[in-house]
Amino acid sequence: MGIRAKSNFDRSRTIWTPEMDRYFIDLMLEQLNKGNRFDDHVFSKTAWMNMNSSFNERFKFEYEMDVLKNRHKTLRNLYKAVKNLLNQKGFNWDSTRQMVIAENKIWDEYIKVNPDVRPYRVKTIPYYDDLGIIYGDNSARKKGNDSSLILLGLKFGGPL
């Protein structure tokens, strides 16, 4: 279960575990598969209520919906940061190691200008492909050209 840590302002703060992330991502994929998300990557109120209820039941804690919404935003920002990095010359995705890779020289030069990407040099992101389904460009999906929908349909046993 996640840990609730006290901050300087005496507010509880959720410390997300890998298990919590994985479950939340699976919930979002399920809601996406059910069609409970709008074009701008915003889930419907029903989707949020369903995800919050399932999440609380699984982790035996009464998390407020804002906890999930904040994590949604954090994961979206992670996806955007990695996607931006992968759009730079010399950076690639290593699906075996689940991380961004590049030659040391390329990393060193890029980090000089963009020090905030330093953690991605060693950070694994085991759910990046799923984040791409959730936050990626869905215009291809609308046209039926995205193979991730096939994966999504298989993962949840839903119709394509």
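**Ground rules.** I number residues from 1 along each chain as its sequence is written, and I leave hydrogens and water out, with side-chain values resting on heavy atoms. Since I have a predicted model here, I take local features only at pLDDT of at least 70 and side-chain atom pairs only at pLDDT 80 or more, while totals for chains, interfaces and linings use all residues.

**Overview.** I began with the secondary structure and got seven helices and four strands. Helices are DSSP runs of H or I with at least four residues, strands are runs of E with at least two, and both are numbered from the N terminus. Reading from the N terminus, I noted the order β-β-α-α-α-β-β-α-α-α-α. Next I looked up burial: of the 160 residues in the protein chain, 38% are buried. For that I use relative accessible area, with buried under 20%, exposed over 50% and partly exposed in between (1.4 Å probe, protein chains only). I also checked contacts, meaning heavy atoms within 4.5 Å. Of those with a separation of 6 or more, 54% are between residues 24 or more positions apart.

**Salt bridges.** How many salt bridges does the chain have? I get eight, counting a side-chain nitrogen of Lys or Arg within 4 Å of a carboxyl oxygen of Asp or Glu.

- Glu-19 pairs with Arg-58, with the closest N and O atoms 3.1 Å apart. This pair links distant parts of the chain, from helix α1 (residues 18–33) to helix α2 (residues 45–59), 39 residues apart. Glu-19 is partly exposed at 41%, and Arg-58 is partly exposed at 39%.
- Arg-22 pairs with Asp-130, and here the closest N and O atoms are 2.7 Å apart. Arg-22 sits in α1 and Asp-130 in helix α5 (residues 128–135), 108 residues apart. Arg-22 is partly exposed at 26%, whereas Asp-130 is buried at 10%. I also found Asp-26 in the picture: Arg-22, Asp-26 and Asp-130 form a network of salt bridges.
- Asp-108 and Arg-121 meet at 2.7 Å, N to O. Asp-108 belongs to helix α4 (residues 104–113) and Arg-121 to the loop between α4 and α5, 13 residues apart. Both ends are partly exposed, Asp-108 at 37% and Arg-121 at 23%.

**Helix α1.** I then went through α1 itself. It has 16 residues and spans 22 Å from first to last C-alpha, close to the expected 22 Å; the expected span is 1.5 Å times one less than the number of residues. Its buried residues include Met-20, Tyr-23, Leu-27 and Leu-32. After the helix comes Gly-35, with a positive phi near 85°.

**α1 against α3.** Which way does α1 lie relative to α3? I found that α1 and helix α3 (residues 65–86) pack at about 90°, with their axes 11 Å apart. The axes are lines fitted to C-alpha atoms, for helices over the stretch in contact, and angles run from 0 to 180 degrees between N-to-C directions. That makes the two helices roughly perpendicular, the word for 65 to 115 degrees. From α1, Asp-21, Phe-24, Ile-25 and Met-28 meet Leu-68, Arg-71, His-72 and Leu-75 of α3.

**Single residues.** Where is Lys-60? I located Lys-60 in the loop between α2 and α3, exposed at 67%. Its phi is positive, near 55°, in a residue other than glycine.

Gln-98 also has a positive phi, about 60°, although it is not a glycine. I place Gln-98 in the loop between β3 (92–94) and β4 (99–101). Is Gln-98 buried or exposed? Buried, at 18%. Leaving out neighbours within four places in sequence, I list its contacts as Trp-93, Lys-123, Thr-124, Ile-125, Pro-126 and Tyr-127.

Last entry: Gly-132, in helix α5, is buried at 19%. I checked Gly-132 against Arg-76 and got 9.2 Å from C-alpha to C-alpha, for two residues 56 apart in sequence.

Methods: Angles under 35 degrees count as roughly parallel, over 145 as roughly antiparallel, 65 to 115 as roughly perpendicular and the rest as oblique.
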